[in-house]
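Here is a short briefing on a protein model. Read it alongside the sequence and the coordinates.

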Amino acid sequence: MIIALYFGAKKFFKKDLTGELVAGVSLGLFWEILTNDEWNYDTSRMISFYIGKAEIPLEILMGWSLVLAGSILATEIMQRKLKWHGKLSFFVLGLISIFVLGFATEVIGVNTGLWNYPDNRGVYTIGSLILPNRVVGGWMYFGILFLTVIKFYEHVLEKNIELDFTKLTKKFVSRRRRR
């Protein structure tokens, strides 16, 4: 699915999601290490690795990457369709898309038995789905963190790299013309 998202975004929307996919894995790893005791994974059906005491399934990190990169693409599509651009729209629509995709991921993960929550303190019950408050709040907190990192990446790192590359090529071209 990650490959389909990556190449589909490139082909149909002219969007390179490399940074978003890397940030999704990186921030997902950070979140999984930080909150490792909050849920239990059925690791008999997943490929896992250990970082300290934390057992983190590889599929979970790929899921983080898929949800977060997919939410950026969904946000940009909504911005185009609604003709609402700017930082405020990016954060509002971004939080909505991260929450919707994150919630869908929780529903799928819990209902398929990939993970469960060891206690039921402070929960939202939706049908047979039980979500702890910390999961719902975590998606919103994580969404704000992720969107901030992505905006920083887009506006600071990509612009500086482009500017430096442009300056470098101009210097190179002007030197060649002088000869």
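Lys14 sits in the loop that links α1 and α2. Helices here are DSSP runs of H or I with at least four residues, strands are DSSP runs of E with at least two, and both are numbered from the N terminus. The model is predicted: local features need pLDDT of at least 70, side-chain atom pairs count only at pLDDT 80 or more, and totals for chains, interfaces and linings use all residues. Residues are numbered from 1 along each chain as its sequence is written, and side-chain values use heavy atoms, with hydrogens and water left out.

**Loop residues with positive phi**

- Lys14 has a phi near 55°, a positive value in a residue other than glycine.
- Lys14 has a relative accessible area of 68%, so it is exposed. The cut-offs are under 20% relative accessible area for buried, over 50% for exposed and in between for partly exposed, with a 1.4 Å probe and protein chains only.
- Lys83 lies in the loop between α3 and α4.
- Lys83 is not a glycine, yet its phi is positive, at about 55°.
- Is Lys83 buried or exposed? Its relative accessibility is 69%, so Lys83 counts as exposed.

**Overall make-up**

- Five helices and six strands make up the element list of the protein.
- In order from the N terminus, the elements run α-α-β-β-β-α-α-β-β-β-α.
- The protein has 179 residues, and 36% of them are buried.
- Take the contacts between residues at least 6 apart in sequence: 57% of them join residues at least 24 apart. Contact means heavy atoms within 4.5 Å.
- The accessible surface of the protein is about 11200 Å². Carbon and sulfur atoms hold 66% of that surface.
- Accessible areas come from the Shrake-Rupley method with a 1.4 Å probe, and for residues only the protein chains shown count as cover.

**Helix pair α1 and α3**

- Two packed helices are described by the angle between their axes and the distance between the axes.
- Helix α1 covers residues 2–13 and helix α3 covers residues 58–82. Their axes come within 10 Å and cross at roughly 20°.
- Axes are lines fitted to C-alpha atoms, for helices over the stretch in contact, and angles run from 0 to 180 degrees between N-to-C directions.
- α1 and α3 are therefore roughly parallel to each other. Angles under 35 degrees count as roughly parallel, over 145 as roughly antiparallel, 65 to 115 as roughly perpendicular and the rest as oblique.
- The α1 and α3 crossing is left-handed. A crossing is left-handed if the near helix is turned anticlockwise from the far one by less than a right angle, and right-handed if clockwise.
- On the α1 side, Ile2, Leu5, Ala9 and Phe13 make the contact. They meet α3 residues including Met62, Leu66, Leu73 and Arg80.
- By class, the residues of the α1 and α3 contact are nine nonpolar, two polar and one charged. Ala, Val, Leu, Ile, Met, Phe, Trp, Tyr, Cys and Pro count as nonpolar, Asp, Glu, Lys and Arg as charged, and the others, Gly among them, as polar.

**Helix pair α3 and α4**

- The axes of α3 and helix α4 (residues 87–111) come within 8 Å and cross at roughly 135°.
- That angle makes α3 oblique to α4.
- The crossing of α3 and α4 is right-handed.
- α3 residues in this contact include Val67, Gly70, Ala74 and Leu82. Among their α4 counterparts are Phe90, Gly94, Ile98 and Thr105.
- Which classes make up the contact of α3 with α4? Its residues divide into 10 nonpolar, nine polar and no charged.

- Glu32 belongs to helix α2 (residues 18–34). Its relative accessibility is 2%, so Glu32 counts as buried.
- Beyond its neighbours within four places in sequence, Glu32 is in contact with Trp39, Tyr41, Ile56, Ile60, Leu61 and Trp64.
- Phe142 is in helix α5. Phe142 counts as buried because its relative accessibility is 0%.
- Setting aside neighbours within four places in sequence, Phe142 is in contact with Leu27, Gly28, Trp31, Trp64 and Leu68.
- Ile144 is also in helix α5 (residues 133–178). At 44% relative accessibility, Ile144 counts as partly exposed.
- With neighbours within four places in sequence left out, Ile144 is in contact with Phe91 and Leu95.
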